[in-house]
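Please keep the structure open beside them and look for each element as it is named.

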Protein chains: 6
Amino acid sequence: MSRIDGRTPEQLRPVTIERGWSKHAEGSVLVSFGDTKVFCTASVAEGVPRWRKGTGEGWVTAEYAMLPRSTNTRGDRESVRGKIGGRTHEISRLIGRSLRAVIDFKALGENTIVLDCDVLQADGGTRTAAITGAYVALADSITWAQGKKLIKHGRQPLTGTVSAVSVGIVDGIPLLDLCYEEDVRAETDMNVVCTGDGRFVEVQGTAEAEPFARDELNSLLDLAVTGCATLDTTQREALARTR
Amino acid sequence: MSRIDGRTPEQLRPVTIERGWSKHAEGSVLVSFGDTKVFCTASVAEGVPRWRKGTGEGWVTAEYAMLPRSTNTRGDRESVRGKIGGRTHEISRLIGRSLRAVIDFKALGENTIVLDCDVLQADGGTRTAAITGAYVALADSITWAQGKKLIKHGRQPLTGTVSAVSVGIVDGIPLLDLCYEEDVRAETDMNVVCTGDGRFVEVQGTAEAEPFARDELNSLLDLAVTGCATLDTTQREALARTR
Amino acid sequence: MSRIDGRTPEQLRPVTIERGWSKHAEGSVLVSFGDTKVFCTASVAEGVPRWRKGTGEGWVTAEYAMLPRSTNTRGDRESVRGKIGGRTHEISRLIGRSLRAVIDFKALGENTIVLDCDVLQADGGTRTAAITGAYVALADSITWAQGKKLIKHGRQPLTGTVSAVSVGIVDGIPLLDLCYEEDVRAETDMNVVCTGDGRFVEVQGTAEAEPFARDELNSLLDLAVTGCATLDTTQREALARTR
Amino acid sequence: MSRIDGRTPEQLRPVTIERGWSKHAEGSVLVSFGDTKVFCTASVAEGVPRWRKGTGEGWVTAEYAMLPRSTNTRGDRESVRGKIGGRTHEISRLIGRSLRAVIDFKALGENTIVLDCDVLQADGGTRTAAITGAYVALADSITWAQGKKLIKHGRQPLTGTVSAVSVGIVDGIPLLDLCYEEDVRAETDMNVVCTGDGRFVEVQGTAEAEPFARDELNSLLDLAVTGCATLDTTQREALARTR
Amino acid sequence: MSRIDGRTPEQLRPVTIERGWSKHAEGSVLVSFGDTKVFCTASVAEGVPRWRKGTGEGWVTAEYAMLPRSTNTRGDRESVRGKIGGRTHEISRLIGRSLRAVIDFKALGENTIVLDCDVLQADGGTRTAAITGAYVALADSITWAQGKKLIKHGRQPLTGTVSAVSVGIVDGIPLLDLCYEEDVRAETDMNVVCTGDGRFVEVQGTAEAEPFARDELNSLLDLAVTGCATLDTTQREALARTR
Amino acid sequence: MSRIDGRTPEQLRPVTIERGWSKHAEGSVLVSFGDTKVFCTASVAEGVPRWRKGTGEGWVTAEYAMLPRSTNTRGDRESVRGKIGGRTHEISRLIGRSLRAVIDFKALGENTIVLDCDVLQADGGTRTAAITGAYVALADSITWAQGKKLIKHGRQPLTGTVSAVSVGIVDGIPLLDLCYEEDVRAETDMNVVCTGDGRFVEVQGTAEAEPFARDELNSLLDLAVTGCATLDTTQREALARTR
C-alpha cells in the first residue's frame with residue numbers, strides 16, 4: 001500500500017536544510033519537509049531576561065508564526081487581530097523547550113538566543129520541521145558567538161542534537177511524517193522530539209478520533225525514533241557543509 | 001522510600017469530587033487532588049459556533065484559569081494584563097480536546113457545552129484535576145439537558161469516561177500524581193489522559209532536565225494507566241451519589 | 001408582607017464568613033450573603049507601587065471579578081475578551097477605597113496588600129459581600145505580617161472596621177440586602193459602606209426607574225446603617241474564632 | 001471666610017452653556033463651570049443596539065474622555081495605552097445613567113443618542129459639568145429629531161430635566177462646586193445628580209480622608225440640591241435662547 | 001469659475017489662530033481653516049525618551065486625534081476600540097516630523113515637547129491645519145521654557161517656521177486648501193509642508209482616481225508654496241499679538 | 001564618484017522577480033532589490049468587505065510586515081506586542097493605494113484580492129520592492145481568477161502597470177534606489193510610485209535633515225521616473241516567462 005504521495009509508511013518526505021539564508025541573523029536556515037518550508041533564524045543578544053540576571057546562565061527561547069498565506073486559505077495575521085492564538089503559543093513553547101533540552105546554560109553564559117521560526121509554506125509537520133531546522137540555526141549561532149568570544153571556549157553550550165517528527169495512524173496504519181492531507185485524516189497524531197542518542201525530549205500524542213491503545217502508541221514511537229535518527233543525520237550533513 | 005507527603009510512588013493524593021457546587025450551572029463540581037482544588041462548571045447553551053451551524057452536531061469547549069492567589073505568590077490577572085498567557089491557552093485546549101474525545105456530537109445535537117475550570121488552590125496537577133472534575137460536571141449537564149429535552153433520548157452523547165493524571169520521574173523514581181514540590185524537582189513530567197477502558201486520549205511527556213529513555217516512558221505510562229483507573233472509579237462513585 | 005425569600009424588609013440574608021480558605025494567601029475568607037458567595041484573599045507583598053516609594057507609607061488595592069458561570073447565564077471571561085468591563089473596574093475601585101478608609105498607611109509601612117474578590121456564585125450584593133469579607137481577610141493578613149515582623153509593632157495599621165450592604169426600594173418599600181430578583185425590580189438601589197462606629201465611607205445611590213426623594217434616601221440610609229452594624233458583629237465573631 | 005477663588009461656601013462658579021458649538025452634531029454645547037470646560041455633543045442615529053431591537057424603545061448612552069493636556073500635567077491618551085481606565089469607564093456610565101433617568105424610551109422610539117463629553121480643560125467637577133451640559137445637548141438633539149420626524153410627535157421623550165454638582169467638606173466646612181484645589185483637599189467628596197423637581201438621580205459620596213457622619217451627609221445634600229436648582233435655571237435659560 | 005464656497009482656486013479659507021486657549025498647557029492654539037477647527041497644545045517636560053538619554057538633545061513628538069463627532073457621522077473612539085487606526089498613526093507621525101524639521105535638538109537640551117492636535121470639527125485639511133497651529137503652540141512653549149530657564153539662552157531651538165496646506169485637482173483644476181466636499185471629489189490630493197523660506201519639509205501626493213502627470217504635480221506645488229507663504233504671515237501675526 | 005556598493009547614482013540594484021514561490025497562493029513572488037527580499041502573495045477570495053457589498057465592485061488591499069530578524073538587530077513581533085506600529089500601517093496603506101490605482105473595480109467584480117508583503121531580509125527600499133513585486137503577484141492572481149471564471153472575460157481588471165522606487169539626496173547628490181546605509185545618511189528621502197506610462201501614483205518626499213528646494217525635488221523626480229521605467233521592463237519580462 002502506498003501513501004498519497006507515493007511514500008511507504010515509514011518514509012520521511014524529502015528533507016532539505018539550507019544554511020545561511022539571512023545576511024543579518026547569526027544563524028539561519030530554510031528547512032523543508034516536502035512542501036512544508038520554515039525559515040528559522042537564531043538571534044544572539046548579550047544579556048538575559050530580568051528574572052535570570054546574575055545567575056551566570058543564558059537563555060534560549062523561540063517564536064513560531066505562520067505567514068498569512070502559508071496555508072491553503074489565507075489566515076488573519078495575529079498582529080492585525082492583536083493577539084496570538086493558542087496554537088501559536090503552544091508551538092512556540094514546544095520549540096523553546098525542545099532546544100533548551102540540549103543547552104548547557106552555564107556554558108552559554110549570560111547570553112540569549114531567540115529562535116524565530118516563520119512558516120513560509122505549510123503542508124503538515126510545521127512544528128517538527130521548525131524544531132529540526134532551528135537546531136541547525138542554533139548551532140550556527142553558537143559557533144558565531146564563540147568566534148566573537150561572547151561565549152567562552154572550553155565548555156560546549158550544545159550538549160547534544162535534537163530533531164522532531166510527526167507520526168500518526170491513518171486508516172489503521174502508523175505513518176511517519178504526515179503531510180497535511182494525512183494529518184487531517186489521522187485518527188491519532190503524535191509529535192515526537194528526540195535527541196541524537198535516541199532519547200525523548202517531548203512526546204505529544206493526541207487522539208483525534210478514537211482513543212489509542214498502548215500497542216498503537218508503541219508502534220508510533222518506534223516509527224518516530226527511526227525518523228529522528230534519519231533527521232539527525234541530515235542535520236549533521238548540513239552542518240558539515242562549508243557555507 | 002516515602003514521598004514528601006508520605007505517599008508511596010504509585011499512590012494518588014486523596015481525591016474528592018463534590019457535585020452541585022453552583023446553583024446556576026447545569027453541572028458543577030469542586031474537585032480536589034490533595035491541596036489542588038478546581039471548581040468546574042458545565043454550561044449548556046442551545047446553538048453552536050458559526051462554523052458548525054447546520055451540521056446537526058454539537059460542540060464542547062473549555063476554559064481554564066487560575067485565581068490570582070491560587071498559587072504561593074500572587075500572579076497578575078490575565079484580564080488585567082489584557083491577554084491570556086500561553087500556558088493558559090495550552091491547558092484550555094487540552095481540557096477541551098480531552099472531553100471531546102468521549103462525546104458523540106451527533107447525539108449531542110446542536111448544543112454547546114462550555115466547561116469552565118477555575119483553579120481555587122494550586123498544588124500541582126491542576127490540569128489533570130480539571131479534566132477529571134470537568135468530566136463529572138459534563139455528565140451532570142448532559143443529564144440536565146436530557147431532562148429538559150434539549151438533547152434527544154435514544155442515543156447517549158457520552159461515549160465513555162475520561163480522567164487524567166500527572167506522572168513524573170523524581171530522583172530517578174517514577175511517581176504518580178505529583179504535588180507542586182515534586183513537580184518542580186521532576187526530571188521528566190508527563191500528563192496522561194485515559195478513557196475508562198484504559199486507552200489514551202492524550203500523552204504529553206516533557207523532559208524537564210534530562211531526555212528520557214523508552215523504558216522510563218514505559219514505567220510512567222504504566223503508573224498513569226493505574227492512576228486513571230482509580231480516578232475512573234472515583235468519578236463513577238461521585239456520579240452514583242444522589243445529590 | 002414578606003419578601004421573596006421570606007425575610008422581613010429590614011432583615012439581612014444569612015451571612016457566613018469562613019476564614020482560612022486558602023493555604024497560600026496571608027488572609028482568606030469565603031463570605032456568603034445568602035446564595036452570593038465571594039472568595040476573598042489578601043496577599044501581602046513587601047514594597048509599594050513606584051509612585052509611593054520612599055514615602056514610608058503602604059498601599060492597599062483590590063481586584064474584583066466574577067467567574068464566568070457565577071451568574072444565571074454564562075458570561076464571557078474578561079481575560080478572553082482582552083479587556084476589563086466598566087462595571088468590574090468600578091467595583092474594584094470601590095472595594096479598594098472602602099478598605100483604604102480604615103488603614104493607617106504609615107503604620108502599614110512600605111508594604112502592599114492586594115485584596116482579590118472573586119465571585120463564585122452571584123445572587124445580588126456581590127460588591128457588598130466582597131467588602132465585608134475582604135475586611136476580614138485584610139485583618140488576618142495584617143496579623144500575619146505583624147507576626148513576620150513585616151509590620152512593626154506599636155501602631156495598629158487598622159484604624160477601624162468596615163462593612164457594606166445594599167438597600168433599595170422595591171414596590172415602594174425600602175428593603176435591606178437585596179437578592180438578585182429584588183435588585184432587578186428595585187426602583188432605587190443603594191450601596192452603603194460604613195465603619196463600625198456608624199459613619200459612612202461610601203454612599204452610592206442610583207435611581208433605576210424613578211428619581212428618589214429625600215425621605216426615601218433617609219429611609220434607605222437608616223436601613224443600611226442597621227445592616228452594617230449587624231455585619232460588624234458578624235465580622236468580629238469571625239475574627240474571634242480560633243482557626 | 002472666603003474660598004480660594006473668593007466664593008462663599010454655597011456659591012457655584014460662573015456657569016456658562018453655549019449651544020451650537022459643532023456644525024455636525026445634532027446637539028452640541030460648550031459648558032463651563034469656572035475653568036472647567038467640557039464639549040458635549042449629542043449624536044442621533046436611527047436604530048438601537050442589538051439587545052434592544054424590536055422593543056420599540058430607544059437608547060441613550062455616553063462617553064466621557066479627557067484631552068491629554070486638559071490637566072495640569074499631560075496624561076497619556078487612552079487610545080495610545082490601548083485601554084480605557086477605570087475612572088473613565090465609571091464617569092461614562094454615570095453620565096449615561098443620569099440622562100437615561102429623564103428619558104421615556106418608548107417616546108424616543110428605536111433611536112440611539114450618544115452623548116460625547118470631552119473635557120477640554122479640567123479644574124474639578126468635570127463629570128458634573130458634563131452631565132449638566134449633556135442634558136442641553138440632548139434636549140437640542142431631540143428637538144432636531146422631532147423636526148426630522150425621526151421621533152414621532154405626541155409624546156415627549158424628555159420626562160424632566162437633570163443637572164449635577166459636586167459638594168465636599170474642606171477644613172470641616174461643606175462647600176458647593178469644588179474646584180480642583182478644593183477637591184484635592186476635601187475630606188469628603190460627593191457628586192449629586194438631581195432632576196429639576198429636586199429629586200435625586202444619583203448620590204455618590206466618598207470619604208477621602210475620614211468617614212463622614214450622617215449630619216455631614218445631610219449638609220452636603222442640602223447644598224447640592226440648592227446648586228442643582230440654580231443649574232436647572234441656567235439650563236432653561238440656555239435652551240430659551242435663539243441660536 | 002468659483003468654488004463651492006465662493007473661493008477662487010488659489011484662495012485659502014479664512015484662517016484664524018487663537019493663542020492661549022488652555023490655562024494648563026505651555027503653548028496652546030485653536031486654529032481654524034474655515035470650518036476645520038483643531039485644538040493644539042504643546043506640553044513641555046524635562047527629560048527625553050530612554051533611547052535619547054545622555055545625548056544632550058531634546059525631542060519633539062505629536063499625537064493627532066479626532067473627537068468622535070468632529071465629523072458628519074459619529075466615529076468610534078479609538079480608546080474604545082482599543083487601538084489606533086492607521087490614518088491616525090500616519091498623521092501623528094507626519095506632524096511630528098514636520099515640526100522636528102525646524103528644531104535644533106542641541107539647543108532644546110534634554111527636554112521633550114509633545115504636541116497634541118485634537119480635531120474639534122473637521123471639514124478637510126485637518127492635518128495641515130494641525131501642523132500650522134502646532135507650530136505656533138510649539139513656539140509659545142519654547143518661549144515659556146526659556147523663561148523658566150529649562151532651555152538655555154544663547155541658541156534658539158527654533159531654526160525656522162513651518163506651515164502646511166493641502167492642494168488637489170478637482171474637475172481638472174488645481175485648487176488650494178480643499179474643504180471636505182472638494183477633497184472627496186479630488187482626482188489628486190497633495191499635502192505640502194513648507195518652511196517659511198519656501199523649501200519643502202514634506203510632499204505627499206496621492207492619485208485618488210487617475211495617476212497624475214508631471215505638469216499637474218508642478219501646478220500643485222506652485223499653489224502650495226503660495227499658500228504656505230500666506231500661512232507663514234498669519235502665524236507671524238498671531239505670534240506678534242500680545243496675549 | 002561611486003556609491004557604497006559601486007553603483008552610479010542613477011543605477012538600480014540588481015532586481016529579480018521570481019514567480020510561483022508558493023504552492024497555495026493564487027499569485028506569489030519573491031522580489032529582491034539587492035539584499036532586500038520581499039515575499040509577496042496575492043490571495044483571491046470571492047466577496048467584498050461589507051461596506052462594498054452589492055456595488056458590483058471588487059476590492060484590493062495589502063498587508064506589509066517584517067520578519068523579526070529581517071533587520072540587523074532583531075525587532076519585536078507586532079503580534080507579540082499586540083499592536084501594529086505606525087510605520088507598518090503606513091506602508092500597508094501605501095501598497096494598497098498603489099495597486100488600487102491600476103485596478104478597474106467593476107471589471108474585478110465582487111472579489112477581494114489581498115496582497116501580503118512579508119520582508120524576509122531588509123536592506124532599504126522594502127516598501128518600493130513590495131509594491132513592485134506585489135504588482136506581479138496581483139497580475140498572476142487575476143489571470144488565475146479569469147481562468148477560474150471568477151472574473152468575467154471581456155474587460156481587463158488591470159488598467160496599467162505600477163512600480164516603485166526610492167530616491168534620496170546623500171552628501172548633496174541625488175541617488176536612485178537607496179540601500180540601508182545610504183537611506184540612513186540621506187538628507188532627503190523620497191518614495192515614488194509610477195505607472196508604466198510614466199505618471200505618478202504616489203510621491204512621498206521627506207526632509208530627513210534639511211528642508212529641500214524645488215530643484216532638488218525635480219532632480220529626484222527625474223531619477224525616480226527613470227528607475228520606474230526600468231522596473232516596468234523587469235516586471236514585464238517576469239510576467240512573460242513561462243512558469
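1. A crossing of two helices is called left-handed if the near helix is turned anticlockwise from the far one by less than a right angle, and right-handed if it is turned clockwise. Please bear in mind that what you see is a predicted model. In chain F, the crossing of H2(F) and H4(F) is right-handed.

2. For that pair, helix H2 of chain F covers residues 86–100 and helix H4 of chain F covers residues 126–147, and their axes come within 10 Å and cross at roughly 40 degrees. This angle makes H2(F) oblique to H4(F), because angles under 35 degrees count as roughly parallel and 65 to 115 as roughly perpendicular. On the side of H2(F), the contact is made by Arg87(F), Ile91(F), Leu94(F), Ile95(F), Ser98(F) and Leu99(F), while H4(F) contributes Thr126(F), Arg127(F), Ala130(F), Ile131(F), Ala134(F), Tyr135(F) and Leu138(F). Sorted by class, the residues of this contact are nine nonpolar, two polar and two charged.

3. H4(F) also packs against helix H6 (residues 214–240) of chain F, at an angle of about 35 degrees and with the axes 10 Å apart. The crossing of H4(F) and H6(F) is right-handed. Here H4(F) uses Thr132(F), Tyr135(F), Val136(F), Ala139(F) and Asp140(F), and H6(F) uses Leu231(F), Gln235(F) and Leu239(F). The contact of H4(F) with H6(F) has five nonpolar, two polar and one charged residues.

4. In which order do the five strands of the open sheet in chain E lie? The order is E1-E2-E3-E5-E4, and the pairing is mixed. Strand E1 (15–19) and strand E4 (59–66) of chain E stand at the edges with a single partner strand each, so one side of each is left without a neighbour in the sheet. Neighbouring strands of this sheet are turned by 20 degrees against each other on average, direction ignored.

5. Within the sheet of chain E, strand E2 (residues 27–33) and strand E3 (residues 36–46) pair in the antiparallel sense over seven bridges, and Val29(E) stands opposite Cys40(E) in E3(E). Helix H2 (residues 86–100) of chain E packs on the sheet and touches E4 and strand E5 (111–121), its direction making about 145 degrees with that of E4(E). Helix H6 (residues 214–240) of chain E packs on the sheet as well, touching E1 and E2, and its direction makes about 25 degrees with that of E1(E).

6. Another open sheet is built from strands of chains C and D: eight strands in the order E7(C)-E6(C)-E8(C)-E9(C)-E9(D)-E8(D)-E6(D)-E7(D), with antiparallel pairing. The edge strands are E7 (173–176) of chain C and E7 (173–176) of chain D, each of which pairs on one side only. From one strand to the next, the twist averages 15 degrees. Helix H2 (residues 86–100) of chain C lies across E6 (162–170), E8 (188–195) and E9 (200–207) of chain C together with E9 of chain D, and runs at about 150 degrees to E9(C).

7. Finally, consider how chains are arranged. A rotation of 180 degrees with 0.0 Å of shift along its axis superposes chain F on chain A, with an RMSD of 0.0 Å, and the two copies are thus related as by a two-fold rotation axis. In chain F, the C-alpha nearest the axis belongs to Ser79(F), 1.8 Å from it. Chain A and chain D, by contrast, do not touch, and their nearest C-alpha atoms are 11 Å apart.

How values were computed
Residues numbered from 1 in each chain as written. Chains lettered and ligands numbered in written order. Predicted model: local features only at pLDDT ≥ 70, side-chain atom pairs only at ≥ 80, totals over all residues. Heavy atoms only, no water. Axes fitted to C-alpha atoms, helices over the stretch in contact; angles between N-to-C directions. Helix = DSSP H or I, 4+ residues; strand = E, 2+ residues; numbered from the N terminus. Parallel < 35°, antiparallel > 145°, perpendicular 65-115°, else oblique. Contact = heavy atoms within 4.5 Å. Nonpolar A, V, L, I, M, F, W, Y, C, P; charged D, E, K, R; others polar. Pairing = 2+ DSSP bridges. Least-squares fit on C-alpha atoms with pLDDT ≥ 70 in both.
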